[in-house]
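I opened this notebook to look up a few side chains and ring pairs.

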Amino acid sequence: MDVNAMKDRVIEAIDAHREEILAAAKTIWEHPELGFREHFATEVVSGYLENLDLPVESPIAVTGCSAYLESGTAGPTVALLGELDAIGVGDHPEADAHGLVHACGHHIQIAGMLGAVTGLASSGILPGLAGSIKVMATPAEEYVEMDFRQELKASDQITFFGGKQELISKGYFDDVDIAMMFHASGDLGEHTALTGLQSNGFIGKQVVFTGRASHAGSAPHEGVNALNAASLALININCLRETFAEKDRIRVHSVITKGGDIVNVVPADVRMEVCVRARTVQAMVEANQKVNRALRAGALAIGADITITDLPGYLPIRSYGALDELFTEEIGYLGFPGTVLDGGDYTCSFDFGDVSQLMPTLHPMVGGVSGALHTKDFRMEDAEAAILLPAKAMAMTVIDLLCDDAKRAREILSSFTPAMTKESYLACLDGFSNQQEETNQNHQST
């Protein structure tokens, strides 16, 4: 069977299972869950894969699941990924009672992944390929609920706060040669997809300002106001912004998660979460050092104590032109030539960036949705464009990689040099982990 015949059979198989694929998206949309809590979504995906007669491993990192499709001939392993978690957007019209909703579009990814797997598994084309396809529904892409993830880490359930970081650490990418996934985007205009994107990485942090409580009305002079320390720290960070080089695309954003206890007591326990984003690892580290200095200065000015816990966030994403070109060819084969944008500048972060440091990866952005990600306006407008089109294109990309004794995959791998080995990658993450404590109430530093 020639390659185009295989592609046509996959397209037919996906179309034949259209309703099941879209039903999976709808079911996950209706049951949003935050990272490392996606038990329902894991069951949905596991059940779907089992119905394709695939042996499923679940869970793989608290939640999530994986399975293999085997061609029967030795060759490279290509991974198809999708993300399980939702995010909190309380004012979204379809948010649940807890304010959760898939305004990140991960239900679309999962359905697209399942669509690609359906086409490959049910079309009968696998014997024409060389190698394996590994399917992974991954948890916890959104970097939220730090206290909960600290609890999971303290109980040895996770080592890292991001799902793909955790899976890399646990060895689930050790046998993967090439990894692929897509992400929804509402800003593509009339274009079908975008390839060749760049993104920022980031370092996360938890900050605790510790003051001294006193009656806010009768004896404020006896207290040390930790909220004032935090407020000054935020002003300090804002004053740093002109020191950031434009090329580094630095973004610093924060939220106060606890501002005190009651209004008539001087706040003694104030907590913040902060992200420091940049385009390169070096810029991330340098900006993070400045931000930590600004945080400490706010505490020092008020005489509050401070604890800064740096946490490994995600690394910048790397694009691989040969894979981008293949995906673009598939979109053309599906009847949309010339509709793929090349190159996109994203200052947000993806944990897929970590995977891209280790192996060739494909991460197109696709349309079919409207509204900005993570906002009340996000929604899917066109299931064909958002789910079925990328499902077909991803499956067809796998065919092109693994047909003809995996010639295209072997060519890509033979010319590829990873930015990091697994060992240096894990060392990099460990290098981001740091805790600083400074005691100013007694004018002592530790």
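I start with a cut-off: a polar contact is a pair of N or O atoms within 3.5 Å, and within protein one must be able to donate a hydrogen and the other to accept it. I keep in mind that this is a predicted model.

**Entry: E33**

I looked up E33 first. E33 lies in the loop between α2 (18–29) and α3 (39–51). A polar atom of the E33 side chain lies 3.1 Å from the backbone nitrogen of A41. The E33 side chain also reaches the backbone nitrogen of H39, at 3.2 Å. Which side chain of opposite charge is nearest to E33? I found R37, 9.1 Å away. E33 is buried and has no salt bridge. I then listed the contacts of E33, leaving aside neighbours within four places in sequence. They are E38, H39, F40, A41, L84, D85, A86 and L100.

**Entry: charges over rings**

I came back to R37. R37 lies over the face of F148, 3.6 Å from the ring centre. I also checked R277. The charged end of R277 sits over the ring of F202, at 5.1 Å from the centre of that ring.

**Entry: ring pairs**

F202 took me on to the aromatic residues. Ring pairs link F202 with Y143, F161 and Y314 into a cluster. How many aromatic pairs are there, counting ring centres within 6.5 Å? I noted six aromatic pairs. In one of them, Y320 and F416 have ring centres 5.4 Å apart and planes at 70°, so I logged the pair as edge-to-face. Where do these two residues lie? Y320 is in the loop between β13 (305–312) and α9 (321–333), and F416 is in the loop between α11 (383–414) and α12 (422–432). The pair therefore ties together parts that are 96 residues apart in sequence. Y320 and F416 are both buried.

I checked Y346 and F350 next. Their ring centres are 6.3 Å apart and their planes stand at 70°, so this pair is edge-to-face. Y346 and F350 are both buried.

**Entry: A304**

A304 is found in the loop between α8 (281–302) and β13. Is A304 buried or exposed? Its relative accessibility is 0%, so A304 counts as buried. Not counting residues up to four places away in sequence, A304 touches T210, V224, A229, A299, E438, N440 and Q441.

Key
Residues are numbered from 1 along each chain as its sequence is written. This is a predicted model: local features need pLDDT of at least 70, side-chain atom pairs count only at pLDDT 80 or more; totals for chains, interfaces and linings use all residues. Side-chain values use heavy atoms; hydrogens and water are left out. Rings of Phe, Tyr and Trp (its six-membered ring) pair if their centres lie within 6.5 Å; planes under 30 degrees apart count as stacked, over 60 as edge-to-face and the rest as tilted. Helices (H or I, at least four residues) and strands (E, at least two) are DSSP runs, numbered from the N terminus. Buried means under 20% relative accessible area, exposed over 50%, partly exposed in between (1.4 Å probe, protein chains only). A charge sits over a ring if NZ of Lys or CZ of Arg is within 6 Å of the ring centre and within 35 degrees of the ring normal. Lys and Arg count as positive and Asp and Glu as negative; His and the chain ends are not counted. A salt bridge is a side-chain nitrogen of Lys or Arg within 4 Å of a carboxyl oxygen of Asp or Glu. Contact means heavy atoms within 4.5 Å.
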